[in-house]
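Open the model in your viewer and keep the sequence panel beside it. The stops below each begin with a selection.

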Amino acid sequence: MYSQGLIGADGRTEETEDFLAAFQRRMDAEEKIEPNDAMPEGYRRTLVRQIGQHAHSEIVGMLPEGNWITRAPSLKRKAALLAKVQDEGGHGLYLYSAAETLGVTREQMTEELLSGKAKYSSIFNYPTLSWADIGIIGWLVDGAAIMNQIPLCRCSYGPYARAMIRVCREESFHQRQGYELCLTLSRGTEAQKAMLQDALDRWWWPCLMMFGPHDGDSLHSDQSMAWKIKRFSNDDLRQKFIDATVPQGEYLGLTFPDPELKWNEEKGGYDHGPIDWEEFWRVVKGGGQMNRDRITARKKAWDEGAWVREAALVHAEKRRARQLAAE
Amino acid sequence: MAPDLELFDAVLELADDHLVLGHRLSEWCGHAPMLEEDLALPNMALDLIGTARTLYDHAGRLEGQGRDEDTLAYLRGDRAYRNLLLVERENGDFAHTMLRQLYFSAFMHPYWEAALGSSDAVISGVAGKAVKEMAYHIRHAAEWVIRLGDGTEESARRMGAAVDALHLYTPELFEEGAAAGCDALPARAAMRGAFDSTIAQVFAEAGLCVPEVAYPPSGGRRGLHGEELGPMLAEMQSLHRAHPGALW
Ligand SMILES: [Fe+2]
Ligand SMILES: [Fe+2]
C-alpha cells in the first residue's frame, strides 16, 4: 500500500545544459532509464526519496492492519489479513531493492525512517479502532494507492516501474478483498453496519489527503512531471478516486461525511467540500495520533532484532572461514 | 457420514495444535528482526492456519453436530482446547520462537509422512500438503537455530536459554491422546526416531546439548493448560464473541 504525493522533493540539479537537454530528450522519447545510465543528480535524489518514502509506507502500513490479525473474527479473514499484511512487507522489499539500484542501502533508508528524517504516507498515523477499518483500508487506502501507482508503472526509471507493475496487481486484489469485507458488514447486523459507517467517517478525509496538497501548493511537481516520474497532478488523481469511489460507497448504503459532496453534471465528476490541510500538515510533521507509536514500534522491532542480525552475520563469517580452511 | 467421535477428538487435537501455533507466529507480523522474517513468519503461520481450517472443518463433520471451523475455533474456552503445551508458549525472543517451530515441525514432518497412507481421505489429503510445508519449516527453523547457536556469544546464550525453557515440552509430543486406537492416524510414539535424529543433527551443528528432562509437563490433551493460553484465546475470540451469530 502507499502513498501520497511525494513530500518534499528536491529536484535541484547542477549538470550542464547539454547533459540535461540530452536527458530530457530521452524522457520525451519515453525511454526507460536503467541503473547504470547517466542521470541528473536531482533525478536520482528525487527517486531515492520517492521510492524510499514508498517503501517505508509499505512497512509502516503493516502496523495498523497488523493490529487486527490476532482478533480477526473468522479463520478465513484471519488468513486473508495475514496474507495481505505479508504482501505489504513484500512490496517494501521490492521497493527497497529498487531504491538500492540508485546507490543507497536498505540500512541507510531504515535509519532515516527510524530517526524521523524520512517520511512515509501520513494515512498510517491514524489508529485502527474496529474490524471495519480493515475493510475500509483495503477498499479506500489500497484504492487510493492504486490511483497513485498505476501511472508509476510507466515511470521513467525502469526498476521502479517494474516493481510497481507487480505491486499494483496485488494492491488491486487487496482493494477487491477490502470492498468484499465492507459488503459483508453492510449486509450484517445493525452493529456491523454502524461499525462500517463509523470507519468510513474516520477514514474518508485522510484518504483524500493521501493524494497530497492541491496542485497550486505542491512544490517541485513540474520537474517530476517533466522527468516522467509523475504523470498526473494530485488534484486529477484525487478527482478520479472520488468519482470511482462514491458510487461504490452508495452501493454499500453508506453516507460520506461530506455534506458538499455531489455530482456535477457539467464537469462529469463529483464536487467535494474543503479538505482540512491544517490537519494534513500536522500529521505530516509528526503530530498525528499514531506518529510516535508507529516509529516506536518499528524502532523496537529493529533494536530487539539487532542481536539476531548480528548473529547471522557472524555465523556466515565463521562458515566462510571454515570453508576456506577446509579447501 | 456417520459420526465418529473418537476420530473427532483426535482431529480436534491436531487442529488446535496448528491453530494455536499459527496464531502465535502471526503475533510476530510487522515486528520481526528483519524484513525477510516479516515475510517468512506469516508464511509459516498461513501454512498452519490453513491446515487447522481443513482439520476443523473435517472434525465438525465427524462430530455431526453442525459445528463449523469458526464455531470450533472461536466458541470453545481454553479448557476445551486440546493443544500441546509446547505450541501455546509465548513467543519469547526470536530464539524461542524458532526453536519451538523446530520441535513442532521435526515431529509433524514424519507424522504427516506416515499419514499419507491414511484410510481417511481428508487426513491423507492434508498430509500431502503438510508434508512439504513441514519440510520447509524444519529447514527454516533449523537454519536459525544453527545460526543463533553458532553465532555470537549473546545469540548462543539466548539459544541455550530457549532449549532450557522449551525442551521439557517435547515429551508431550509423543503422548497418544485421543488418537489411541484410531486407525486413520499414525501412532505418535513411532515418530521418536525421526524426531531425535533431526534434533540431534541440528543441535550438533548449533553447538547445543540435548538436555535430560526430569519432570516433563503434560496435560494439554486433557484441557489442563498453562497460564498463557487463556489470554491468547481471550484476545483471539473477543470480536467474534462480542457479536453472537454475526457473519464476517
Ligand atoms: Fe502495498
Ligand atoms: Fe495493499
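Start with the donor residues of the iron ion (ligand 2), which follow the spacing E-x53-D-x28-E-x2-H along the sequence. Remember throughout that this is a predicted model.

**Stop 1: the iron site**

Select the iron ion (ligand 2) with A:Glu88, A:Asp142, A:Glu171 and A:His174. These residues coordinate the ion at 1.9 to 2.2 Å. The donors are OE of A:Glu88, OD of A:Asp142, OE of A:Glu171 and ND1 of A:His174. Why is the arrangement around the iron ion (ligand 2) irregular? The four donor atoms subtend angles of 94 to 146 degrees, and a tetrahedral label needs all angles between 85 and 135 degrees.

A:Glu88 bridges the two iron ions, ligand 2 and ligand 1, which lie 3.6 Å apart.

Next, show helix 7 (residues 158-186) of chain A. Both A:Glu171 and A:His174 sit in this helix, three residues apart, about one turn. A:Glu171 is buried, at 0% relative accessible area. A:His174 is buried too, at 1%.

**Stop 2: the largest cavity**

Stay in chain A and turn on cavities. The whole structure has three of 30 Å³ or more. By class, the lining of the largest cavity holds five nonpolar, five polar and three charged residues.

**Stop 3: the largest pocket**

Switch to pockets and display both chains. The largest pocket holds about 650 Å³ of space. Its lining has 29 residues, and those closest to its centre are A:Lys300, B:Glu27, B:Trp28, B:Cys29 and B:His31. Which helix of chain A supplies the largest share of the lining of the largest pocket? Helix 12 does, with six residues. Helix 3 (62-66) and helix 13 (306-326) of chain A are also among those supplying at least two. The lining of the largest pocket counts 12 nonpolar, nine polar and eight charged residues.

**Stop 4: salt bridges**

The structure holds 36 salt bridges over all chains. Begin with A:Lys300 again. A:Lys300 pairs with A:Glu304, with closest N and O atoms 3.6 Å apart. The two residues lie in helix 12 of chain A, four residues apart. A:Glu304 is partly exposed at 49%, and A:Lys300 is partly exposed at 49%.

Move to helix 10 of chain A. Here A:Arg238 and A:Asp235 are three residues apart, about one turn of the helix. Their salt bridge has a closest N to O distance of 2.7 Å. A:Arg238 is buried at 1%, while A:Asp235 is partly exposed at 23%.

Then select A:Lys318 and B:Asp150, whose side chains form a salt bridge of 3.1 Å, N to O. The pair crosses between chains, from helix 13 of chain A to the loop between helix 6 (121-149) and helix 7 (153-166) of chain B.

**Stop 5: two positive phi values**

Finish with the backbone. Most residues other than glycine have a negative phi. A:Glu30 has a positive phi near 60 degrees. Find A:Glu30 in the loop between helix 1 (17-28) and helix 2 (41-60) of chain A. A:Lys228 has a positive phi of about 60 degrees, in the loop between helix 9 (221-226) and helix 10 (234-251) of chain A. A:Glu30 is partly exposed at 41%, whereas A:Lys228 is buried at 16%.

Conventions
Residues numbered from 1 in each chain as written. Chains lettered and ligands numbered in written order. Predicted model: local features only at pLDDT ≥ 70, side-chain atom pairs only at ≥ 80, totals over all residues. Heavy atoms only, no water. Donors = N, O, S within 2.8 Å, 3.2 Å for Na, K, Ca; no water. Tetrahedral: all angles 85-135°; square planar, octahedral: opposite > 155°, others 65-115°. Buried < 20%, exposed > 50% of the residue type's maximum accessible area, 1.4 Å probe, protein only. 1 Å grid on protein atoms, 1.4 Å probe; cavity = no way out; pocket = protein on both sides within 12 Å on 5 of 7 lines; lining within 4 Å. Points joined across faces, edges and corners; volume = space filled by probe spheres on them. Nonpolar A, V, L, I, M, F, W, Y, C, P; charged D, E, K, R; others polar. Salt bridge = Lys/Arg side-chain N within 4 Å of Asp/Glu carboxyl O.
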